[in-house]
Amino acid sequence: MTTTTVPFRSILFDRPSDAVERADPAVFTDLNLDQVFAAVTAGRDEYDLMPFFGAPLHDVQAVQYRHQILRDMEDEALSGALAEFAGHMREMRKYLEQSAKLRYRYQKESWFLDAARIYGQSVRALADALIAINPSSRGFIAFREYLAAYAGSPTFTGLAADIERVTDALAAVRYCITIRGSRVKVTRYEGEEDYGEQVQRTFAKFAQRAVKDYRARFRNLPDMNHVEARILDLVARLYPDVFSALDEFCARHASYLDETIRVFDREVQFYAAYLAFIAPMKKAGLKFCYPDVSAESKQISVHDCFDLALAAKLGSKAAAMVRNEFYLTGGERIFVVTGPNQGGKTTFARTFGQLHYLASLGYPVPAREAALFLPDRVFTHFEREEDLATLRGKFADELVRIRDVLDQASERSVVVMNESFASTTLQDAARVGERVLDRMTRLGLVGVYVTFVDELASISDACVSMVATVVPDNPAERTFKLVRKPADGLAYAAAIAGKYGLTYRQLKDRLNQVTP
Amino acid sequence: MYPDRDFDTERELPANEPDLSSDLELDILLRAMAAGDKFLFEVARHAIHSGLVAPADIAYRQQVLADAIAQPGVIRDLYDVALAAVTAEKKILGWIFRDSPDTILHRTHQVLRIYVDVFHRLRDIADAGAASFRSDGFTRFFAMIATELNDDYFAEMEAHLSELTFRRGALISAGLGKGLKGTGYVLRRHPEQAWRDRIPGMSRSGYSFVIPERDETGMRTLSDLTSRGVNGTANALAQSADHIKDFFQMLRAELGFYLSCLNLRDQLIAKGEPVCFPDPADLVTGGAEQARLSARGLYDACLSLSIDTSPIGNDVDADGRQLIMITGANQGGKSTFLRSVGLAQLMMQAGMFVAAESFTASVSAGIFTHFKREEDATMEKGKLDEELARMSTITSQIRPGCLLLCNESFAATNEREGSEIARQVIRALTEAGIRIVFVTHMYDLAGPYYAEHEPGTLFLRAERQPDGHRTFRLLPGEPLPTSYGEDLYREVFGAADRAATG
């Protein structure tokens, strides 16, 4: 094996210091990431993955550590082996739960033994698979070395040997019960002949064709009643060595589960869950990419991006979604988005936020190509329902929240502002917006500012104007495509008028016809 | 029924069965064979429609039938025994589909007890009657009874029946399954008791306990364990009972066929009609030279069964002919003759006697009928359409070596067209190695054939005496341009009408 490996610590964090949780539920809700994460973790509650989503990375190396691991996991052999391992571990936990639930000692011990056996098998299978697959990420190489060493250690080989010995001994136990009225006698099995076979032999000469199977099927519940337990106790007396070996096994291996492996089983789900979540979208033709992240350069550039929450909701229809592109060059820092309502402004703002947040989780992002800034934090400011508890007016409430954001934001932050100040006059909105944009610009952060105030789009060189567009043939239908061009509030009005034949030219023509 | 396989009464009937049945009026024959018994009706129906093709197989059945004719009493006894066994199950009350293994075991035990008694009766009949049977089939059957149902075997069955009452308790083996629950429960046979087993305290080492009287859960558990234990054995026993029932069902069906033949023979003999075992010749799939069909006193058994008088028998000598073209007087017995040929062919190939003084014919690979039909009741198609559609269906099923009986085919259109269609059909089919008996009044069709002097064709004509009287006899003769419809007209309307029309 390789000689340069560092000891394995975690499949999620290159250095322990990367694991810093910072829950920011408002951001998740505003960006619809709460929906995304709920879908990602669906069916994986037992792994408690939510805390990982609250711990974005701030270090490029830590992001790359995850990218490498995810690239490895795109290999079906590896993802298959991991899924199998996860399935076994899940089964093992069910066995342990069952063991805890049962009443009779030997039953508890038997389920415990089976749990250990599943564990042993799954560890060995994964260790073998990792050697055969030969992953290239630092994370998996280190884990492979760890697992190989563990599987070869006396702790593990001793456990495996004990499991096999006790299991085989129990499997070899054969006993007989003789039931006569209410009397039960338990004896060792001594080669008595199968009566069914004898009957079959006697009447075999008549057998000409397959006939109905009369065998009844029985329900098998895991627990026992007192009669079965009594019989089992008597069987234990008939085979004392076998059952004392079982007792000893459970005492000796009470804590057989390796902590590193337990943690790996949970953490690797962070990747498996996301890959499983985006797989159907990729199959439907949507493109994802590993973004090129930088902690310094704000020259971001994204091609064919889309709203991941929306794509997940659209399912098979997602392939028809409109995809957007945007970039910042030179001193450009903030996209000022204007255009008709329902034209995709909010979607764009969300997508922008999602891309940066997902990138900071080390995930592939919903875009064909992306160069993104790795922020220290992502802030959002979306319109809220009036909050009675604050006892402030809506406008005031918004201002307070914006102040909070701007107080905490740094030059390394990403800020997404959506449709603020709609509750005040256009003039107020323009003036306050101007101030806020000015502060944002001065901080030098990267952001999106969605507004209905056209003038704000050209306020400084740091601002880039993005306009939501409409389909030229059918202006009533928004494309959700945003293009980089000066804000032109009249374009949409002209288009919708055209649809109803109310443009100047149209009106002219029509009127000419009426009055020659 | 067969030297090498079983008689399958579940088999699907051939696709042309409905046509055959109605054209040849087979139900009359089958009813005579069944003598009021639905089961026999079905058996006869299947036998008639799954004809044998190898003359040797036909001979095998003829011999068995000859034995049956010589020993009708034994055949009826055997049939009754088989019937008793088949209905045994119904005597056991409350036979339900889904049952616990205990119940299945218990009920099957009772059924098997009846089967064993029936086996004894079977053995007694065999012991008493075997010597008087000559055929391969019966000789083999009685030999089988003697060797398979010997005294040792009866003892073996009795031993099972007595042991399965569990006087010594149910001995059940098991292993340890998931969570150490018992698994793989198997009922075991108690070992022979050794001397030490009979001395208290010296029996096999083990531990016992007793379920207290009040412990219902405990008792239920014991019954559940017993159920699991006897599951396999109950299944083996129930399946064995099914197999034995199958055996008796088969026996009943096979005997049923011969019984139905006896029924039919009794009725024909009672009327003084001749019957004979036919002489089957090998299948011919091409060329006319090898084809065989000759008979003396061939009559329509179905007609005989439905009238009081005896129908006229015909002699026919069509060896070396591939096409028989029948023309002649209306109501002159053409259709009846056609049916008698079809019936005799079917009965011969079922291994039966035929309604004739003698009958020799090549076996056929299948018999098809294309008879003029009454107007299609559904009125979906015109009459010619219907005829052509039927012929098309036949053509898709027919193969070389088959026999096609045509009765006034393609008469639904004018004579010229009908003749032309018929000619082309006949030519194609005969060239494909199919034998045809064609009844027609179309001179346009029959005339030119006669003129060609085709050696593979036989021409028969319904006899008409100079006074116009019909004998219902067919004689070799050239087709005539008239079918004597005028005669018939006269017969129906009387001479008086003649003046009016004439």
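**Entry 1: where the chains meet**

I started at the contact between the two chains, which takes 56 residues from chain B and 53 residues from chain A. A reminder to myself: this is a predicted model.

Next I looked up which elements give two or more residues to the side of chain B that touches chain A. Which of them gives the most? I noted α10(B), with 24 residues.

I also checked the make-up of this side of chain B, and its residues divide into 25 nonpolar, 22 polar and 9 charged.

**Entry 2: a pairing across the chains**

I then followed β1(B) across to the other chain. In what sense does β1(B) pair with strand β1 of chain A, residues 174–180? I saw the antiparallel sense, over 6 bridges. To find the place by eye, I used A:Thr178, which stands opposite B:Leu171 in β1(B).

**Entry 3: chain B as a whole**

I stepped back for an overview. I count 16 helices and 13 strands as the secondary structure of chain B. Of its 502 residues, 43% are buried. I looked at contacts in chain B between residues at least 6 apart in sequence, and 74% of them join residues at least 24 apart.

**Entry 4: a sheet in chain B**

I picked out an open sheet of 4 strands in chain B, in the order β4-β8-β5-β6, with mixed pairing. Which strands are at the edges? I noted β4 (279–281) and β6 (314–317) of chain B, each of which pairs on one side only. The twist averages 15 degrees from one strand to the next.

I found helix α12 of chain B, residues 334–349, packing on this sheet, where it touches β4, β5, β6 and β8 of chain B. The direction of α12 makes about 75 degrees with that of β8(B).

**Entry 5: the two neighbours of β8**

I looked at β8(B) from both sides. With β4(B), the β8(B) strand pairs in the parallel sense over 3 bridges; here I spotted B:Ala281 opposite B:Ser362.

With β5 (residues 293–298) of chain B, β8 (residues 358–362) pairs in the antiparallel sense over 4 bridges. Who partners whom along this pair? I wrote down B:Ser294 with B:Thr360, and B:Ala295 with B:Phe359. A general point I kept beside these pairs: side chains in a regular strand alternate between the two faces of the sheet.

Definitions and conventions:
Residues are numbered from 1 along each chain as its sequence is written. Chains are lettered from A and ligands numbered from 1 in the order in which they are written. This is a predicted model: local features need pLDDT of at least 70, side-chain atom pairs count only at pLDDT 80 or more; totals for chains, interfaces and linings use all residues. Two strands pair if DSSP finds at least two bridges between them. Axes are lines fitted to C-alpha atoms, for helices over the stretch in contact, and angles run from 0 to 180 degrees between N-to-C directions. Two residues are in contact if their C-beta atoms, placed from the backbone, lie within 7 Å. Ala, Val, Leu, Ile, Met, Phe, Trp, Tyr, Cys and Pro count as nonpolar, Asp, Glu, Lys and Arg as charged, and the others, Gly among them, as polar. A residue is buried if 20 or more other C-beta atoms lie within 10 Å of its own, exposed if 12 or fewer, and partly exposed in between; C-beta atoms are placed from the backbone.
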